[in-house]
Amino acid sequence: MNIKKLINRAGFLEYAGITTLLIIAALIYIFISPKSADVLVTVRIAEKDLIWQDNGSPKGTSAEAIRVGVQGKDGLGRVIAEVTDVTSFEQPRSGTPFTTKKTVYVTLRLRASYNDKSDQYRYQGTTLQVGEWVRLSIQSVIINGIIVRVPAGEKEKPVWVTVKAQVKSDGPLLHEPFTETTGVDKAIADAIVVGDTVKDSNGEVLAEVLEKTVTPALRTSWDMYGNVFNKPHPRKYDVFLTIRLATRKVGDGLYYLDSSPIKINAPVPLFLSRIDIEPRITEIITSSQ
C-alpha cells in the first residue's frame with residue numbers, strides 16, 4: 001500500500017488527531033520558547049585583544065563612526081537594533097601623546113529573546129549580561145566592546161569632588177627637561193583659565209578649573225662643597241589649581257574619567273580648550289553626590 005492510498009483511506013478522526021498533535025506541539029513551543037522583547041544595553045567600545053593598552057579604547061577618529069539613529073534590520077525589514085545614545089570623552093593614553101584616545105559608551109535598543117526563568121536576554125546567540133564581550137554589526141558600523149549596563153536605565157549621577165593640584169613639569173601630557181625645578185613655562189601657566197571646563201560629547205561637564213595660583217618657581221642648585229640652595233628660577237612658574245571633578249564610585253574608590261583614581265599625588269588629566277595638562281593631586285578638599 002503506497003502513501004497516496006493510505007492518505008485517501010484516512011478518515012476524519014485521523015485528520016483531527018494529526019491536527020490536534022500539531023496544535024499541541026505549537027503551544028508547547030510557544031510556551032517553552034523564549035519571548036522577544038526590546039532591551040536597552042550600554043556597551044563600552046573596546047578591543048578585547050588590546051585591553052591592556054588604554055583599556056582597549058579606540059582612537060578619536062574611529063569613535064566618530066558610531067552615530068545615534070543607526071539601525072539594523074532583519075530579512076523582513078523589521079528593526080532589531082538601533083543606536084539610541086553615544087557618549088564619549090578624551091582619556092589618558094599610554095602611547096604617543098599625538099594620538100587621541102576616547103572612552104566611548106554606546107546605548108542600543110536590541111530586539112532580543114528573553115527567558116523569564118533565567119531572567120536573561122540573548123541577541124544573535126550572545127547572552128546580554130554585564131561583563132560579556134559583544135561584537136555587533138549594524139549597517140556598516142561594527143560595535144565591539146564590553147557590556148556595562150543591561151538593561152540600561154538612567155545614567156548614574158556623578159560624585160563631585162573638589163581637589164587641589166599642582167601642574168608638574170613631567171608626565172604624558174607635559175614634559176620639560178628641567179629636573180631642577182617643578183615649574184613650567186609662563187605660556188603654559190597663561191593657557192590655564194579659571195572657569196575652563198572638560199566636557200563629554202553631550203556637553204556634560206566632567207571637570208572645571210575653580211581657582212589658579214601662579215608663583216615664581218624655585219630652582220635647586222648646589223655648590224662644589226655639596227651645599228644645596230633653592231633660588232628663584234628666572235623663567236619658570238609653579239601653578240596650583242583648585243579643580244572640581246565629576247567622579248564615579250567603584251567599590252571603595254572614586255575615579256575620574258573612569259580610570260584616574262582620586263588619591264594624593266595621582267594625576268588628573270585635563271583636556272581643556274587651550275591646553276592638555278596633567279596636574280598632580282596635593283589635597284582632597286570635599287566630595288559630595
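Me: Is I45 buried or exposed, and how is such a word to be read?
Reply: A residue is called buried under 20% relative accessible area, exposed over 50%, and partly exposed in between, with a 1.4 Å probe and protein chains only. I45 has a relative accessible area of 9%, so it is buried. The place of I45 is in strand β1; strands (E, at least two residues) and helices (H or I, at least four) are DSSP runs, numbered from the N terminus. Between the C-alpha atoms of I45 and Y105 there are 6.3 Å, although the two are 60 residues apart along the chain.

Me: What kind of model is this, and how are its residues numbered?
Reply: This is a predicted model, in which local features need pLDDT of at least 70 and side-chain atom pairs count only at pLDDT 80 or more, while totals for chains, interfaces and linings use all residues. Residues are numbered from 1 along each chain as its sequence is written, and side-chain values use heavy atoms, with hydrogens and water left out.

Me: Where does A46 lie?
Reply: A46 lies in the loop between β1 (35–45) and α3 (60–63). With a relative accessible area of 1%, A46 is buried. Its C-alpha atom is separated by 8.3 Å from that of V104, 58 residues apart along the chain.

Me: How many helices and strands does the protein have, and what do its totals show?
Reply: The secondary structure comes to four helices and 17 strands. Of the 289 residues in the protein, 36% are buried. A contact means heavy atoms within 4.5 Å; among contacts with a separation of 6 or more, 59% join residues 24 or more positions apart. The protein exposes about 17,600 Å², of which carbon and sulfur atoms supply 55%; accessible areas come from the Shrake-Rupley method with a 1.4 Å probe, and for residues only the protein chains shown count as cover.

Me: How is a pocket found, and which residues are closest to the centre of the largest pocket?
Reply: Rolling a probe the size of a water molecule over the atoms shows where empty space is left. On a 1 Å grid over the protein atoms alone, a pocket is an open set of points with protein on both sides within 12 Å along at least five of seven lines, whereas a cavity is a set where a 1.4 Å probe fits but cannot get out; lining residues have an atom within 4 Å of a point. Grid points are joined across faces, edges and corners, and a volume is the space filled by probe spheres set on the points. In this structure about 860 Å³ of space lies in the largest pocket. It is lined by 29 residues, and F89, Y105, E156, R248 and D258 are the closest to its centre. Elements giving two or more residues to this lining include β3 (79–90), β4 (102–115) and β12 (228–250).

Me: How is an aromatic pair described, and which residues form one here?
Reply: A pair of aromatic rings is described by the distance of the centres and the angle of the planes. Rings of Phe, Tyr and Trp (its six-membered ring) pair if their centres lie within 6.5 Å; planes under 30 degrees apart count as stacked, over 60 as edge-to-face and the rest as tilted. A search of the whole structure finds one aromatic pair. Y114 and Y121 form this tilted pair, at 4.7 Å centre to centre and 40° between the planes. Y121 is buried, with a relative accessible area of 17%.

Me: Which charged end sits over the ring of W160?
Reply: A charge sits over a ring if NZ of Lys or CZ of Arg is within 6 Å of the ring centre and within 35 degrees of the ring normal. The charged end of R244 is placed in this way over W160, 3.9 Å from the ring centre. That of K231 sits over the ring of F229, 5.9 Å from its centre.

Me: What should I look for in the backbone?
Reply: Most residues other than glycine have a negative phi, and most peptide bonds are trans. Q139 has a positive phi of about 55° although it is not a glycine, and at 59% relative accessibility Q139 counts as exposed. The peptide bond from V150 to P151 is cis, with omega near -10°.
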